[in-house]
Amino acid sequence: CLGDRDVDRVVRVLVVDADPQGNATKMITGGSLADYRKHQIGGIYQALNDGGASTKKQIIDVPAVGVHLLLGSENLGLFPAKDFKGDVNDAVNKMLAPIRDNYDYILIDTGPALNHLLTSIVIASDGVVAMFQPGELCYDAIKTFVPSIEAVREKVGGGRLLGILCSLIDGRLADHKDYIDMIHNRYGDLCFKTKIKMRAAT
């Protein structure tokens with residue numbers, strides 16, 4: 001858990017890895033999804049399909065980072081399973097219900113696909129942050145993603161789009177600067193002032 005300097009207390013944070021690639025699990029633990037499958041931990045896929053019955057079992061403490069992590073699953077692309085029962089749109093709400101009150105913040109890392117799982121995540125969320133990596137593909141994707149989030153909110157509810165966060169920026173590249181200008185010109189105040197730069201050259 002993270003310390004809050006302003007109020008001198010511990011802030012309880014849960015990170016949910018809802019990306020089939022398991023990037024959040026890899027970055028936070030240093031291990032792969034396969035490492036946890038060996039220990040019969042089904043991750044988010046199992047918690048979604050059993051309606052939250054196993055959610056607590058899929059969460060690990062990562063003291064070095066100061067967060068709890070609901071482990072990812074490479075099987076997310078198969079959700080919902082054939083034996084899934086219930087409303088897919090309400091699946092994330094049900095998964096989080098047993099543990100939601102245990103945390104101050106729940107951060108859900110999603111994949112880029114606009115599918116049933118992302119819809120369920122938006123419905124369960126208080127707000128959505130769209131990540132933007134400078135480049136043509138991501139620029140085109142943002143133009144689809146933003147209205148899709150707004151459409152979900154209008155039809156079935158859920159969190160509003162809080163803003164667009166520009167990340168993985170290499171200030172040495174002219175095209176990165178151009179795409180940052182383009183996204184700001186298109187979305188204005190919807191873009192966060194904070195920008196995340198690349199930590200090292202690749």
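Is Tyr 139 buried or exposed? I looked that up first: Tyr 139 has 11% relative accessibility, so I put it down as buried. My cut-offs are under 20% relative accessible area for buried, over 50% for exposed and partly exposed in between, with a 1.4 Å probe and protein chains only.

Ground rules, before going on. The model is predicted, so I take local features only at pLDDT of at least 70 and side-chain atom pairs only at pLDDT 80 or more, while totals for chains, interfaces and linings use all residues. Residues are numbered from 1 along each chain as its sequence is written, and side-chain values use heavy atoms, with hydrogens and water left out.

**Entry: aromatics**

I find three aromatic pairs in the structure. One of them is Phe 132 with Tyr 139, edge-to-face because the ring centres are 6.5 Å apart and the planes stand at 70 degrees. For pairing I ask that rings of Phe, Tyr and Trp (its six-membered ring) have centres within 6.5 Å; planes under 30 degrees apart are stacked, over 60 edge-to-face, the rest tilted. Phe 132 is buried, at 0% relative accessibility.

Tyr 139 also pairs with Tyr 179, this time tilted, with 6.0 Å between centres and 55 degrees between planes. Tyr 139 belongs to helix H6 (residues 136-156) and Tyr 179 to helix H7 (residues 174-187), so this pair ties together parts 40 residues apart in sequence. Helices here are DSSP runs of H or I with at least four residues, strands are E runs of at least two, and both are numbered from the N terminus. Tyr 179 is buried too, with a relative accessible area of 16%. I log Phe 132, Tyr 139 and Tyr 179 as one aromatic cluster.

**Entry: the three-stranded sheet**

This one is open and parallel, in the order S7-S8-S9. I count two strands as paired if DSSP finds at least two bridges between them. Strand S7 (127-132) and strand S9 (191-197) are the edges, each pairing on one side only. Neighbouring strands are turned by 25 degrees against each other on average, direction ignored. My axes are lines fitted to C-alpha atoms, for helices over the stretch in contact, and angles run from 0 to 180 degrees between N-to-C directions.

S7 is joined to strand S8 (residues 160-169) by six bridges, and Met 131 has Leu 165 in S8 as its bridge partner. H6 lies across S7 and S8, at about 170 degrees to S7.

**Entry: the four-stranded sheet**

What is the strand order here? I read S4-S5-S3-S6, an open sheet with mixed pairing. S4 and strand S6 (105-110) are the edges, each with pairing on one side only. The twist averages 25 degrees from one strand to the next.

Going through the pairs: strand S4 (residues 59-62) runs antiparallel to S5, with four bridges, and Ile 60 stands opposite Leu 69. Four residues sit between the strands in that hairpin, and Gly 66 takes a positive phi near 90 degrees. Strand S3 (residues 13-18) pairs in parallel with strand S5 (residues 67-70) over three bridges; there I see Val 16 opposite Leu 70. S3 and S6 are parallel as well, over six bridges, and Val 15 has Leu 107 as its bridge partner.

**Entry: the largest pocket**

I get a volume of about 2,000 Å³. The lining has 46 residues, with Ile 108, Asp 109, Thr 110, Val 129 and Met 131 nearest the centre. Helix H1 (23-29), S6, helix H5 (116-124), S7, H6, S8 and S9 each give at least two lining residues.

How I define it: on a 1 Å grid over the protein atoms alone, a pocket is an open set of points where a 1.4 Å probe fits, with protein on both sides within 12 Å along at least five of seven lines, and lining residues have an atom within 4 Å of a point. Points are joined across faces, edges and corners, and the volume is the space filled by probe spheres set on them.

Thr 110 is found in S6 and is partly exposed, at 26% relative accessibility. Leaving out residues up to four places away in sequence, Thr 110 touches Ala 18, Asp 19, Leu 118 and Ile 121 (contact is heavy atoms within 4.5 Å). Thr 110 and Ala 24 are 86 residues apart in sequence, with 9.3 Å from C-alpha to C-alpha.

H5 is mostly covered, with eight of its nine residues buried, among them Leu 118 and Ile 121. The cover over those buried residues includes S3, helix H3 (43-49), helix H4 (91-96), S6, S7 and H6.
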